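Welcome, and please take a moment to look over the sequence and the 3D view. The report below walks through a few local features.

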Amino acid sequence: MSRLDSAFDTRPAFMPYFPLGYPSPEISVDVIETLAKNGADLIEVGLPFSDPLADGPVIQRATQIALQNGMTVSRALRAVADLRARGVTVPLVLMGYYNPLLAYGLSRLALDAAQAGADGFIVPDLPLEESAEFESALTGGREATPLPLIRMLAPTTPPNRVHMITHASRARGFLYLVSLTGVTGARQSLPEGLTEFIARVREHTDLPLCVGFGIATPEHARAVGQIADGVIVGSACVKTIGEASDPVRAAEAFGQAFRTAIDQTGRQRPARSVP
């Protein structure tokens, strides 16, 4: 069983997002390490890009600062390796847009990411129909343990496409359910119909279902943890930690607050078959 599979063993997983390079390259690594040691079951590690179409103003600003600080794909992979050297054991899933990954070289990227200790990729602007080349690179002769390309589904995804995505030959790791239409960003309340959306997707797969976009508070996280297998917290995490006078201390408090809230659901994940 991989690190990614183990993250969903027994309880709803807490998955914060934080971009490398913000507010500085060194502090971002410290923050991610702190989140890993204070309740995160896995972490969505941001690879900055100049045109992050799926992201709202908080993450756009943070990634722009990261780029100004010199963060690149190559430097990000070195940061992942540094996190592993520091003893971070939780899964680290790289979230980035396709253009910088393609420019780096897909086969080289897959090899370097695996060697650094990454556990998969989330690429919001890479649709299923155009992902074969990247998936082939991620497999790279490692059919037994390929790095997964995490699929995203939205409430507007029609049933036939949900079936297509969930039954893709290399659907692995977990599914990222976008809770609402629009870009990332904290909201005042959770969207209506989220329970039904999760239930619709669950009819097609037993992969863990993780919900992101709009989760702003520990109370939101607790509510999502009652119905989903994982809770993804992005903009609220970036804003709270990145704007703090002491980002590392803020990361410690943030991780503990969300971990406590999710654990208060008392929910245990049922056993599942791992492909």
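Two strands count as paired if DSSP finds at least two bridges between them. With that in mind, note that the model is predicted.

## Strand β7 and its partners

Let's start with strand β7, which spans residues 209–212. On one side it is joined in the pairing sense to strand β6 (residues 175–178) by 4 bridges, and the two run parallel. Within that pairing, G212 of β7 is the bridge partner of V178.

Strand β7 also pairs with strand β8 (residues 230–233), through 2 bridges and again in parallel. Here C210 sits opposite G230 of β8. Between β7 and β8 the chain passes through helix α10 (residues 218–225), making a right-handed β-α-β crossover.

Which way do the residues of β7 point? L209 and V211 point one way, while C210 and G212 point the other way, and all are buried.

## Helix α9

Next comes helix α9, covering residues 194–202, where L194, F197, I198 and V201 are buried. Viewed down the axis of α9, these buried residues fall within an arc of 95°, so they line one face of the helix.

What do the buried residues of α9 pack against? Their contacts are with β5 (149–153), α8 (159–166), β6, β7 and α10.

## Asp5 in helix α1

Finally, have a look at D5, which lies in helix α1 (residues 3–6). Its relative accessibility is 14%, so D5 counts as buried, the cut-off being under 20%. The side chains of D5 and S2 are joined by a polar contact of 3.1 Å.

Notes
Residues are numbered from 1 along each chain as its sequence is written. This is a predicted model: local features need pLDDT of at least 70, side-chain atom pairs count only at pLDDT 80 or more; totals for chains, interfaces and linings use all residues. Side-chain values use heavy atoms; hydrogens and water are left out. Buried means under 20% relative accessible area, exposed over 50%, partly exposed in between (1.4 Å probe, protein chains only). A crossover is right-handed if, with the strands pointing away from the viewer, the path from the first strand over the helix to the second runs clockwise. A polar contact is a pair of N or O atoms within 3.5 Å; within protein, one must be able to donate a hydrogen and the other to accept it, and residues adjacent in sequence count only if both atoms are side-chain atoms. The arc is that of the directions from the helix axis to the C-beta atoms. Contact means heavy atoms within 4.5 Å.
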